[in-house]
Amino acid sequence: QQFTITLPDAVYDDASAIQFQEELRRRIARLPGVQNVALINGNPLGRSHTTMGFEFVDQEAPTEGADPFLLVRRAGPGYFQTLHIPLLRGRDFRDDDRLDNEPVAIVSTLAASRYWPGQDPIGRRFTFDGEDPEAPEWTVVGVVGDVRSVDVTTEAWPEAYFPLAQWPRKTVTAVVRADPEVQGLIPAMRQAVAGLDPTLPLSYVEALEDRMSAYLASDRFYLFFLAVSAGLATVLSAVGLYGVVAYLVSTRTREIGIRVALGASRQEVVRLVLSQSVGPVVLGTVVGLAVALAGGRLVATLLYQVEPWDPLTMFGGTGLLLLVAALATFLPARSATRIPPTEAIRVE
């Protein structure tokens, strides 16, 4: 579960906001069934994001070209544990990461590999405003796994997390992991907030699974529509192919009767008809594959984790069409060979 709360500037300064948020986290953590709770500035999978360019302290920029930047997140202790983001190196945020202590940051794996390649990022420092002597210099104390927090369908961005107590924000989202069978958690969280300040409303109260479903709703609709359209197109193609090939075979009933009357076995006749009828289908399939390969670039931007020339898709569709063509040829040919030769010869 999660909810967002905003502290009014007229009532809360940075110090009181930090105190309120820490007490809120403690109260929610004591609720029955709650496993973990953490605060973060910005909803997970939210539509708004903050990116900031930064400068390295006491070292040259290890990358050339574009200026280094980070996707900025402010989080409290326990956030990575709550969302099951793996801590790969270093330490998590602690309760003593406050304004009067050294400014610290935790970076993602992508940020560590991009900006400190081949180095240990722990202990490295950077700042967001090198021209301001009073700007904080953040020291990297941990590395966590990459998170697709901008868009689940795109690659992760280089990301950095900062303690809420060192970079205070008045609008925060509480992320709560609780036992699946727990009941009445949302009313209990409302009471926890009301116990601290009854004037504060809660917004975006929802389960993270519901947010994920809403986030992907439009994509799922388009994919469902595309799948239905592709399925109908495949069925229509198969029916049309079956009808055309079956008609062509039926027109050769007289020929089949003559071949059987002259001593040809039914297996030889079926094999002959298959070889002659499937040939045009194979030729058309080859042409279709060539067109698909040439036009793959046009749909590349619409695909997710699938190559425009995905072998499974290409050969799966090709195999389906060849199977339909073989069945459309084999079934009428086998039926025609069962007609007595005297009757087949008389067919007009």
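Which side chains meet in a salt bridge at 3.1 Å, N to O? Those of Glu23 and Arg27 do, and the close-ups below start with them. This is a predicted model, where local features need pLDDT of at least 70, side-chain atom pairs count only at pLDDT 80 or more, and totals for chains, interfaces and linings use all residues. Residues are numbered from 1 along each chain as its sequence is written, and side-chain values use heavy atoms, with hydrogens and water left out.

**View 1. A salt bridge within helix α1.** Glu23 and Arg27 both sit in α1 (residues 14-29), four residues apart, or about one turn of the helix. Helices here are DSSP runs of H or I, at least four residues, numbered from the N terminus. The structure has 10 salt bridges in total (a side-chain nitrogen of Lys or Arg within 4 Å of a carboxyl oxygen of Asp or Glu).

**View 2. Helix α1 against helix α4.** The axes of α1 and α4 (residues 185-196) come within 10 Å and cross at roughly 145°; axes are lines fitted to C-alpha atoms over the stretch in contact, with angles from 0 to 180 degrees between N-to-C directions. The α1 side brings Phe20, Glu23, Leu24, Arg27 and Ile28 to meet Ala192, Val193, Gly195 and Leu196 of α4 (contact is heavy atoms within 4.5 Å). By class, that makes six nonpolar, one polar and two charged residues, with Ala, Val, Leu, Ile, Met, Phe, Trp, Tyr, Cys and Pro counted as nonpolar, Asp, Glu, Lys and Arg as charged, and the others, Gly among them, as polar.

**View 3. Helix α6 packed on helix α7.** Here α6 (residues 253-261) and α7 (residues 266-295) pack at about 145°, axes 10 Å apart. Ile256, Arg259 and Val260 from α6 meet Val269, Leu272 and Val273 from α7. The class count for this contact is five nonpolar, no polar and one charged.

How values were computed
Helix = DSSP H or I, 4+ residues; strand = E, 2+ residues; numbered from the N terminus.
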